[in-house]
Amino acid sequence: MDYALILGSNRQRARHLRLAARRIAETFEVRACAPARRTRDPGGMRYLNAGVLVRTDLNEEALRALLRAIEDEAGRERGGATCTLDIDLVAGVDGPGAP
């Protein structure tokens, strides 16, 4: 199954996205990736975001658990405005339409 992931960070942005990219490449088959982009939220907070398409045999629950572990390794503290690393699973693609 292929999954589309969005990575984001607003604290030590490049460092944390590099960590995420390294861990994702070690753990999954990376099918495609979009270059990192600088963005701002409506309040002006600066982010670095990137997209990655991965292939894995894991089910969605196990995949989410691994992604949370990567976030935790980056020092993610949930609930605050500062985000060292956020990895969102935004879509899953399975079957003949998968790349």
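The secondary structure of the chain comprises two helices and five strands, where helices (H or I, at least four residues) and strands (E, at least two) are DSSP runs numbered from the N terminus. The model is predicted, so to speak of a local feature requires a pLDDT of at least 70, side-chain atom pairs count only at pLDDT 80 or more, and totals for chains, interfaces and linings use all residues. Residues are numbered from 1 along each chain as its sequence is written, and side-chain values use heavy atoms, with hydrogens and water left out.

Read from the N terminus, the elements follow the order β-α-β-β-β-α-β. The radius of gyration of the chain is 13 Å, close to the 13 Å that the globule rule gives for 99 residues, so the chain is as compact as a globular protein of that length. Here the radius is taken over C-alpha atoms, and the globule rule is 2.2 Å times the number of residues to the power 0.38. Along its principal axes, the C-alpha trace spans about 40 × 20 × 20 Å. Of the 99 residues in the chain, 31% are buried; buried means under 20% relative accessible area, exposed means over 50%, and partly exposed lies in between (1.4 Å probe, protein chains only).

R40 lies in strand β3 and is exposed, with a relative accessible area of 58%. D41 sits in the loop between β3 (37-40) and β4 (46-55) and is partly exposed, at a relative accessible area of 27%. From D41 to L66 the distance is 26 Å, C-alpha to C-alpha, and the two are 25 residues apart in sequence.

Charged contacts come next. Side chains of opposite charge can pair when their charged atoms come close. A search of the whole structure finds ten salt bridges, each being a side-chain nitrogen of Lys or Arg within 4 Å of a carboxyl oxygen of Asp or Glu. One of them joins D2 and R31, whose closest N and O atoms are 3.6 Å apart. This pair links distant parts of the chain, with D2 in strand β1 and R31 in strand β2 (residues 29-33), 29 residues apart. How accessible is D2, buried or exposed? D2 is buried, with a relative accessible area of 1%, whereas R31 is partly exposed at 31%.

A network of salt bridges links E71, D72, R76, R78 and D86. Within this group, E71 forms a salt bridge with R76, the closest N and O atoms being 3.6 Å apart, and E71 is buried at a relative accessible area of 4%. D72 forms a salt bridge with R78, with 3.0 Å between the closest N and O atoms. D72 is found in helix α2 (residues 60-73) and counts as partly exposed, with 44% relative accessibility. R78 is also partly exposed, with a relative accessible area of 34%. D72 and D86 are 14 residues apart in sequence and 9.6 Å apart in space, C-alpha to C-alpha.

Q12 lies in the loop between β1 (2-9) and α1. Q12 has a positive phi of about 45° although it is not a glycine, and this residue is partly exposed, with a relative accessible area of 44%.
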